[in-house]
Amino acid sequence: MPPEVQPPPRLLLGATLLFWGAMSGNALLGLIAALLMEGANWIRFRWDFDHTACSRAWRISMLLTLVAGALIWLDGDRYTALPKLMIWLPILLLPLQFIQSYGLRDYMPLNSLSFFSELHRQRNRRLGLSDSVIHFNFGNPYFIVAVIAASLGRNSDSWNFLPGLMALGAWLVFSRVKARPFALAVVILLAGVVGFGGQIGMSSLHDWVTNRSYGTGQPSTDLTVSKTNIGSLGKIKQSPEMLWRLKITEGGRVPRLLRLATYNRYKHTSWRM
């Protein structure tokens with residue numbers, strides 16, 4: 001089998017979806033998706049999904065992505081809309097992976113993932129012309145998408161993120177490369193050490209960039225996080241600046257409660273939505 005259509009090792013996608021569910025806070029959804037994908041290893045019947053079925057699955061995934069993006073944009077803010085959408089990509093791309101897992105073929109044509117390529121293919125078929133088609137196994141990019149989505153999850157800053165990521169990467173590498181296993185293990189371990197240092201550095205840089213007003217009373221650029229000074233020494237600095245005024249019109253009723261935002265998760269001196 002050519003390397004471009006070589007599928008991921010058995011059970012790797014299921015483990016990756018479980019990892020995504022744990023990191024994104026959707027453990028039950030990750031479990032359901034993992035069972036659906038890995039169920040193909042024990043279910044014998046298959047569908048004969050052709051080029052047209054692949055194109056339809058791609059259109060369904062794109063439609064789901066557009067709808068999810070619109071809902072996230074309307075419900076959130078422009079700073080976090082794209083990362084939130086990317087977190088849901090493993091679920092939004094499930095139709096394509098379903099075609100791959102439960103189809104008769106271990107590959108799908110690359111030109112089925114484009115509306116214009118599909119029109120070009122139909123035109124060539126009418127004219128009796130041949131197509132030069134590139135085939136690939138969708139499980140490989142789906143694995144990468146699930147790992148990226150897990151890295152954007154709300155639990156990706158926990159201690160078990162990097163070990164889980166290293167385990168999935170080692171699983172994939174050792175399934176493809178059989179020579180020099182000890183050297184590969186050393187390289188993966190060194191990569192994990194470098195990644196751990198990079199994770200700490202990037203986390204510190206992110207906190208510095210998005211929360212430069214910490215303790216000053218000014219709002220930060222991340223609207224989903226509200227920092228506190230709980231546990232800090234010294235006097236809490238509060239800004240005297242007035243951001244807005246509320247004026248009651250004649251005959252109007254004074255509201256009992258005023259709310260700017262609601263935060264329901266507390267972690268590391270931060271309230272999060």
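This is a short talk that walks through one protein structure, from its overall make-up to a few single residues.

Hi everyone, and thanks for coming. Before we start, please keep in mind that this is a predicted model.

Let's begin with the whole protein. It has 10 helices and 5 strands. How much of the protein is buried? Of its 273 residues, 32% are buried. The protein exposes about 18400 Å², and carbon and sulfur atoms supply 65% of that area. Now think about contacts between residues with a separation of 6 or more: 70% of them join residues 24 or more positions apart.

Next, the inside. The largest nonpolar core has 31 residues. Leu 96, Ile 99, Met 108, Phe 138 and Tyr 142 have the most contacts inside this core. Several helices each supply at least two of its residues, among them helix 3 (51-75), helix 8 (139-151) and helix 9 (161-176). Which helix gives the most? That is helix 1, with 6 residues. There is also a second, separate core of 6 residues, and Ala 68, Leu 85, Leu 89 and Leu 92 are included in it.

Let me stay with Met 108 for a moment. Leaving out residues up to four places away in sequence, Met 108 touches Leu 96, Ile 99 and Phe 138, among others. Its partners also include Cys 54, Leu 113 and Ile 134.

Because 6 of its 8 residues are buried, helix 6 is largely enclosed by the rest of the structure.

Now find Thr 16, in helix 1. Is Thr 16 buried or exposed? It counts as buried, because its relative accessible area is 1%, and the cut-off for buried is under 20%. The side chain of Thr 16 reaches the backbone oxygen of Leu 12 at 2.7 Å. Beyond its neighbours within four places in sequence, Thr 16 is in contact with Phe 143, Ala 146, Val 147 and Leu 168.

Follow the chain past the end of helix 1 and you reach Asn 26, in the loop between helix 1 (12-24) and helix 2 (27-38). Asn 26 sits in a loop, and with a relative accessible area of 18% it is buried. Setting aside residues up to four places away, Asn 26 touches Trp 20, Gly 21 and Trp 88.

Helix 2 provides the largest share of the patch, 4 residues. One member to look at is Leu 28, which lies in helix 2. Why does Leu 28 count as exposed? Its relative accessible area is 61%, and exposed means over 50%.

My last stop is Met 86, in helix 4 (residues 81-87). At 29% relative accessibility, Met 86 is partly exposed. Along the chain, Met 86 and Ala 146 are 60 residues apart, while their C-alpha atoms are separated by 9.3 Å. Met 86 also touches Ile 148, Ala 149 and Leu 152, again not counting residues up to four places away in sequence.

Key:
Residues numbered from 1 in each chain as written. Predicted model: local features only at pLDDT ≥ 70, side-chain atom pairs only at ≥ 80, totals over all residues. Heavy atoms only, no water. Buried < 20%, exposed > 50% of the residue type's maximum accessible area, 1.4 Å probe, protein only. Contact = heavy atoms within 4.5 Å. Core = buried A, V, L, I, M, F, W, Y, C linked by side-chain atoms within 4.5 Å. Areas by Shrake-Rupley, 256 points an atom, 1.4 Å probe, with all protein chains shown as cover. Polar contact = N/O pair within 3.5 Å; in protein donor to acceptor, adjacent residues only side chain to side chain.
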